[in-house]
Amino acid sequence: YYPPGIAAGQYGCTAASCSKEVLAVGNPALWWMSIAALVVMLWLWVSRRDWRGGALVLLVLAAVVPWVRDDLAHRTMVLFYALPAVPFMALSCAVAAGWLLGGPDAGRLRRPLGTAFVGVWVALVVWTFAYLYPVLAAQTITLAQWQDRMWFPSWV
């Protein structure tokens, strides 16, 4: 979205080459867990008749399915196609985390294990965001630091 060329001495660059750009890369810790959360939502909807699970699954599908067609391989895919689904994916993670933690009547083991899992996951999401922040906010970093943050070929 914002890829200016940077030479040594520009924008605080002290290395031979630097990068300063805004890339629309998602947080893998959040996106991948949202897939598991959507499976949990489907399970809650089918097995527990929980309308929240069904609503979230249907809303994500309504946002994503229009872009999944037979000709998907023949056109350019960019992240903004999935953006309408992001709030519902995040809500799915929140509902799944609440279900995992359990209510006041949760078993003796469920609360501490659920809290540990959710805590580690939230810490991972925050760490991943902090690590990727320079490429999300156009901070000047060296080219090597930029390459370290390009985890997937589709991000470049």
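**Reading the helices of a predicted model**

Student: Where do I start, and how do helix 1 and helix 3 cross?

Tutor: Their axes cross at roughly 65 degrees and come within 8 Å. Angles of 65 to 115 degrees count as roughly perpendicular, so helix 1 is roughly perpendicular to helix 3. Please keep in mind that this is a predicted model.

Student: Which hand does the crossing of helix 1 and helix 3 have?

Tutor: Helix 1 passes helix 3 in a left-handed crossing.

Student: Which residues make that contact?

Tutor: From helix 1, the list includes Leu-30, Trp-31, Met-33, Ala-37, Trp-43 and Arg-48. From helix 3, Val-86, Met-89, Cys-93 and Trp-99 are among them. By class, the contact of helix 1 with helix 3 has 15 nonpolar, 2 polar and 1 charged residues.

Student: Could we look at one residue of helix 1? What is the accessibility of Ala-36?

Tutor: Ala-36 sits in helix 1. Ala-36 has a value of 37%, so it is partly exposed. Ala-36 and Cys-93 are 57 residues apart in sequence, while their C-alpha atoms are 8.3 Å apart in space.

Student: Let me step back to the whole chain. How many helices and strands does it have?

Tutor: The chain has 5 helices and 2 strands. Read along the sequence, they follow the pattern β-α-α-α-α-β-α. Buried residues account for 31% of the 156 residues. Contacts tell you about the fold as well: among those between residues at least 6 apart in sequence, 57% join residues at least 24 apart.

Student: Which residues of helix 2 are buried, and what covers them?

Tutor: The buried ones are Gly-53, Gly-54, Leu-56, Val-57, Val-60 and Ala-63. Their cover includes helix 1 (28–48) and helix 3 (86–101).

Student: How do helix 2 and helix 3 pack?

Tutor: Their axes are 9 Å apart, at an angle of about 155 degrees. Angles over 145 degrees count as roughly antiparallel, so helix 2 is roughly antiparallel to helix 3. Helix 2 also passes helix 3 in a left-handed crossing. On the helix 2 side the contact is made by Arg-52, Leu-56, Leu-59 and Val-60, and on the helix 3 side by Phe-88, Met-89, Leu-91, Ser-92 and Val-95. Those residues divide into 7 nonpolar, 1 polar and 1 charged.

Student: What lies in the loop between helix 2 and helix 3?

Tutor: Ala-85 is found there.

Student: Is Ala-85 buried or exposed?

Tutor: Buried means under 20% relative accessible area. Ala-85 has 0%, so it counts as buried. Leaving out residues up to four places away in sequence, Ala-85 touches Val-60, Ala-63 and Val-64. Two of those, Val-60 and Ala-63, are also buried residues of helix 2. From C-alpha to C-alpha, Ala-85 and Ala-62 are 8.1 Å apart in space and 23 residues apart in sequence.

Conventions. Residues are numbered from 1 along each chain as its sequence is written. This is a predicted model: local features need pLDDT of at least 70, side-chain atom pairs count only at pLDDT 80 or more; totals for chains, interfaces and linings use all residues. Side-chain values use heavy atoms; hydrogens and water are left out. Buried means under 20% relative accessible area, exposed over 50%, partly exposed in between (1.4 Å probe, protein chains only). Helices (H or I, at least four residues) and strands (E, at least two) are DSSP runs, numbered from the N terminus. Contact means heavy atoms within 4.5 Å. Axes are lines fitted to C-alpha atoms, for helices over the stretch in contact, and angles run from 0 to 180 degrees between N-to-C directions. Angles under 35 degrees count as roughly parallel, over 145 as roughly antiparallel, 65 to 115 as roughly perpendicular and the rest as oblique. A crossing is left-handed if the near helix is turned anticlockwise from the far one by less than a right angle, and right-handed if clockwise. Ala, Val, Leu, Ile, Met, Phe, Trp, Tyr, Cys and Pro count as nonpolar, Asp, Glu, Lys and Arg as charged, and the others, Gly among them, as polar.
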